[in-house]
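This report examines selected local features of a single structure.

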Amino acid sequence: KVIPEVDITYFFTKNIAAELILTVPQKHTLSSKGTEIGTLRHLPPTLTLQYHMDAGGFKPYVGAGVNYTRFSSVNILGGAADIKRSSFGLALQAGVDIPVAKNVYLNLDLKKVYIGTDVSVGGKGVGSFKVNPVLFGVGVGYRF
């Protein structure tokens, strides 16, 4: 999928930053053993702590943090099944800022986000739902 994303990064020092990663709610079709069983939407804001290096103009970085996902519009097995509506998981990232003009950067990054929740039928746990996407981002940033 191609989806919009807004990243807000705050530098505490030249090398240490925190990044808030925001996107729009995403719709997923759920399958079990190859059969479609329902749909849901999820909103996954993520906060990472990053370490930035200076490599002669290029600025590579690595980060790790936490993802909070809120699930909504859940329709599984016609309402017979349900899920826990929120989850927390690990997020990892690696990227690079490439200067293109004064205070303007091309940003390329790769993220691995762990998203999952518990599935229940009639109030009894029957399994889990995991997304765990690998995300590739391309963007333009401005440093104030």
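Gln26 counts as buried because its relative accessibility is 13%, where buried means under 20% relative accessible area, exposed over 50%, and partly exposed in between (1.4 Å probe, protein chains only). Gln26 belongs to strand E3; strands (E, at least two residues) and helices (H or I, at least four) are DSSP runs, numbered from the N terminus. With residues up to four places away in sequence left out, Gln26 touches Lys1, Ile3, Leu40, Arg41, His42 and Pro44, contact being defined as heavy atoms within 4.5 Å.

## Basis and confidence of the model

The structure is a predicted model, in which local features need pLDDT of at least 70 and side-chain atom pairs count only at pLDDT 80 or more, whereas totals for chains, interfaces and linings use all residues. Residues are numbered from 1 along each chain as its sequence is written, and side-chain values use heavy atoms, with hydrogens and water left out.

The mean pLDDT of the chain is 93, and 100% of its residues reach 70 or more; pLDDT is the predictor's confidence in each residue, from 0 to 100.

Strand E6 (residues 59-76) and strand E8 (residues 86-101) run antiparallel and are joined by 12 bridges; two strands pair if DSSP finds at least two bridges between them. Ala64 has Leu92 in E8 as its bridge partner.

E8 also pairs with strand E9 (residues 104-113), in the antiparallel sense and over 10 bridges. Here Ala101 stands opposite Val104 in E9. The two strands E8 and E9 form a hairpin with 2 residues between them, and Asn103 in the turn has a positive phi of about 65°.

## Aromatic pairs

Rings of Phe, Tyr and Trp (its six-membered ring) pair if their centres lie within 6.5 Å; planes under 30 degrees apart count as stacked, over 60 as edge-to-face and the rest as tilted. By this rule there are 4 aromatic pairs. One of them is edge-to-face because the planes of Phe71 and Phe129 stand at 70°, with the ring centres 6.2 Å apart. This pair links distant parts of the chain, with Phe71 in strand E6 and Phe129 in strand E11 (residues 124-130), 58 residues apart. Both Phe71 and Phe129 are buried.

Tyr142 and Phe144 form an edge-to-face pair, at 5.1 Å centre to centre and 75° between the planes. Phe144 is exposed, since its relative accessible area is 92%.

## Charges over rings

A charge sits over a ring if NZ of Lys or CZ of Arg is within 6 Å of the ring centre and within 35 degrees of the ring normal. Lys112 lies over the face of Tyr114, at 5.2 Å from the ring centre. Arg143 is placed over the face of Tyr105, at 4.7 Å from the ring centre.

## Positive phi in two loops

Leu77, although not a glycine, has a positive phi of about 50°. Leu77 lies in the loop between E6 and strand E7 (81-83) and counts as partly exposed because its relative accessibility is 48%.

Asn132 likewise is not a glycine and has a positive phi of about 50°. The loop between E11 and strand E12 (134-142) holds Asn132, which is partly exposed, with a relative accessible area of 23%.
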